[in-house]
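Subject: Structure handover

Hello,

The structure we discussed is below, with its sequence. My notes on what was found in it follow.

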Amino acid sequence: MPHTPKIREALEARDALATALTRAGVQLPAMDIRTPWADDRRAREAPYALVHLGVCSAPVALALADVITRGAAEGRAVGSAEGVVE
């Protein structure tokens with residue numbers, strides 16, 4: 001797959017997400033980059049690329065939900081302390 005700017009952007013996003021999830025104690029079993037087309041010959045035409053998170057077990061999904069919930073709650077607490085109105 002050629003590394004167009006959009007594919008590089010998706011690779012960086014995938015790596016950043018994987019790092020953040022690892023720090024939170026969550027590991028998705030398969031994270032990949034996909035173009036809108038399955039045909040690799042057309043990948044160079046892709047106007048964007050997608051971060052594919054794959055599938056995961058129920059315990060991993062619950063751990064991910066917990067991390068997101070805690071992060072969202074902490075974000076609201078910080079926003080309230082700073083006088084941010086939602």
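Leaving aside residues up to four places away in sequence, Val67 touches Ala24 and Val26; contact here means heavy atoms within 4.5 Å. A second, separate core of five residues includes Ile7, Ala10, Leu11 and Ala49. The largest nonpolar core has six residues, and Val67 and Val26 both belong to it, along with Leu21, Leu28, Met31 and Val60. A nonpolar core is taken as a set of buried Ala, Val, Leu, Ile, Met, Phe, Trp, Tyr and Cys residues joined through side-chain atoms within 4.5 Å. Buried means under 20% relative accessible area, exposed over 50%, and partly exposed in between, with a 1.4 Å probe and protein chains only. As background, nonpolar side chains tend to be buried together in soluble globular proteins.

Model and confidence

This is a predicted model, in which local features need pLDDT of at least 70 and side-chain atom pairs count only at pLDDT 80 or more, while totals for chains, interfaces and linings use all residues. Residues are numbered from 1 along each chain as its sequence is written, and side-chain values use heavy atoms, with hydrogens and water left out. The protein has a mean pLDDT (the predictor's confidence in each residue, from 0 to 100) of 81, and 74% of its residues reach 70 or more.

Salt bridges

How many salt bridges does a search of the whole structure find? The search returns four, where a salt bridge is a side-chain nitrogen of Lys or Arg within 4 Å of a carboxyl oxygen of Asp or Glu.

- Glu9 is partly exposed at 47% relative accessible area, and Lys6 is partly exposed at 38%.
- Arg70 is partly exposed at 43%, as is Asp66 at 39%.
- Arg34 has a relative accessible area of 38% and Asp32 one of 34%.

Regards
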